[in-house]
Amino acid sequence: MFYKKLQKNKSHKKGFTLIETMVAISILLISIIGPLEIASKGLFSAIYAKEEITAFYLAQEGVEILKNVRDSNYLLDAYTATGNSDWLKDVNDCVLDPAQSKTVGCIVDPTNPLQEIVICDESDKCPPLKFDEASGIYNYSSDSSIPESKFTRTVYIEYDPLTPNEATVVSKVAWSSSLLGNQKSTTLTATMFNWQR
């Protein structure tokens, strides 16, 4: 009788059923997927923020290059004592003509701000900036070994002859977002004055 009782107790031992196992696996998956989803959204936001910050700084650089040309014009006039020359010389080709129906702009290179101005319009879009990984500089180098970046910068000047000592510099940076897959752009506007007057 004792032997039968012992056998009966052995056969009724409880273990994990299939339903309990599935519930445990589900809880484990939910606890893993939640943090992974949060991490992937954080990575997405960080990459998109990096693209936006880079575009903003490239737009700001475009404005600063044109201001630097204005300042260089003044210093050159002061040094050579030529006097009252055009404060927008060297960038006159970047001045937007209101009579034209299409947007005209130019490209400016931080490594060579006084290069021959390259004009771009709707039929001939501005080329993308190149990114030199060795120096960390975006530029328009003629070196074919430097790869093109996703960023394109167009700079132009809005000038009203009624206010001859004031101009508005517009710097637009466009890029194709690697995460969203659509075209994005950042535009920065700044007022530039002929401060030698």
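**Reading a predicted fold, step by step**

Modeller: Arg70 counts as buried, because its relative accessibility is 12% and the cut-off for that word is under 20%. Please keep in mind throughout that this is a predicted model.

Colleague: With which residue does Arg70 form a salt bridge?

Modeller: Here one looks for oppositely charged side chains, and the partner is Asp71, with the closest N and O atoms 2.9 Å apart. Asp71 has a relative accessible area of 24%, so this residue is described as partly exposed, whereas Arg70 is buried.

Colleague: How many salt bridges does the structure hold?

Modeller: There are three salt bridges in the structure. In one of them the side chains of Lys150 and Glu51 meet, at 2.8 Å from N to O. Because Lys150 sits in the loop between β4 (137-139) and β5 while Glu51 belongs to helix α2, this pair ties together parts that are 99 residues apart in sequence. Glu51 is buried, since its relative accessibility is 5%, but Lys150, at a relative accessible area of 35%, is partly exposed.

Colleague: Where in the chain are Glu61 and Arg153, whose side chains also meet in a salt bridge?

Modeller: The distance for that bridge is 2.8 Å from N to O, and it links distant parts of the chain, since Glu61 lies in helix α2 and Arg153 in strand β5, 92 residues apart. When you read such a pair, look at the burial of each partner separately: Arg153 counts as buried at 1% relative accessibility, while Glu61 is partly exposed, with a relative accessible area of 25%.

Colleague: Before going on, how many helices and strands does the protein have?

Modeller: The protein has two helices and seven strands, and if you follow the elements from the N terminus on, they run α-α-β-β-β-β-β-β-β.

Colleague: How should I read the nonpolar core, and which residues have the most contacts inside the largest one?

Modeller: The general idea is that in soluble globular proteins nonpolar side chains tend to be buried together. In this structure the largest nonpolar core has 16 residues, and those with the most contacts inside it are Leu66, Leu88, Val91, Ile157, Val169 and Met192. At least two residues of this core are supplied by each of α2 (18-80), β5 (151-159), β6 (166-176) and β7 (183-193), and the largest share, four residues, comes from α2. Another core of 12 residues lies apart from it, and among its members are Cys120, Cys126, Val173 and Trp175.

Colleague: How many aromatic pairs does the structure hold?

Modeller: It holds four aromatic pairs. For a ring pair one reads both the spacing of the centres and the angle of the planes: in the case of Phe151 and Trp175 the centres are 5.9 Å apart and the planes are at 45 degrees, so the pair is tilted. This pair links distant parts of the chain, with Phe151 in strand β5 and Trp175 in strand β6, 24 residues apart, and both residues are buried. Ring pairs also join Phe131, Tyr138, Phe151 and Trp175 into a cluster.

Colleague: In which elements is confidence lowest and highest?

Modeller: Confidence is lowest in helix α1 (residues 2-11), at a mean of 54, and highest in β7, at 91. The mean pLDDT of the protein is 79, and 78% of its residues reach 70 or more.

Colleague: Finally, what percentage of the residues in the protein is buried?

Modeller: Of the 197 residues in the protein, 27% are buried. The accessible surface comes to about 13,200 Å², and 59% of it belongs to carbon and sulfur atoms.

Conventions:
Residues numbered from 1 in each chain as written. Predicted model: local features only at pLDDT ≥ 70, side-chain atom pairs only at ≥ 80, totals over all residues. Heavy atoms only, no water. Core = buried A, V, L, I, M, F, W, Y, C linked by side-chain atoms within 4.5 Å. Buried < 20%, exposed > 50% of the residue type's maximum accessible area, 1.4 Å probe, protein only. Areas by Shrake-Rupley, 256 points an atom, 1.4 Å probe, with all protein chains shown as cover. Salt bridge = Lys/Arg side-chain N within 4 Å of Asp/Glu carboxyl O. pLDDT = per-residue confidence, 0-100. Phe/Tyr/Trp six-rings, centres within 6.5 Å; stacked < 30°, edge-to-face > 60°.
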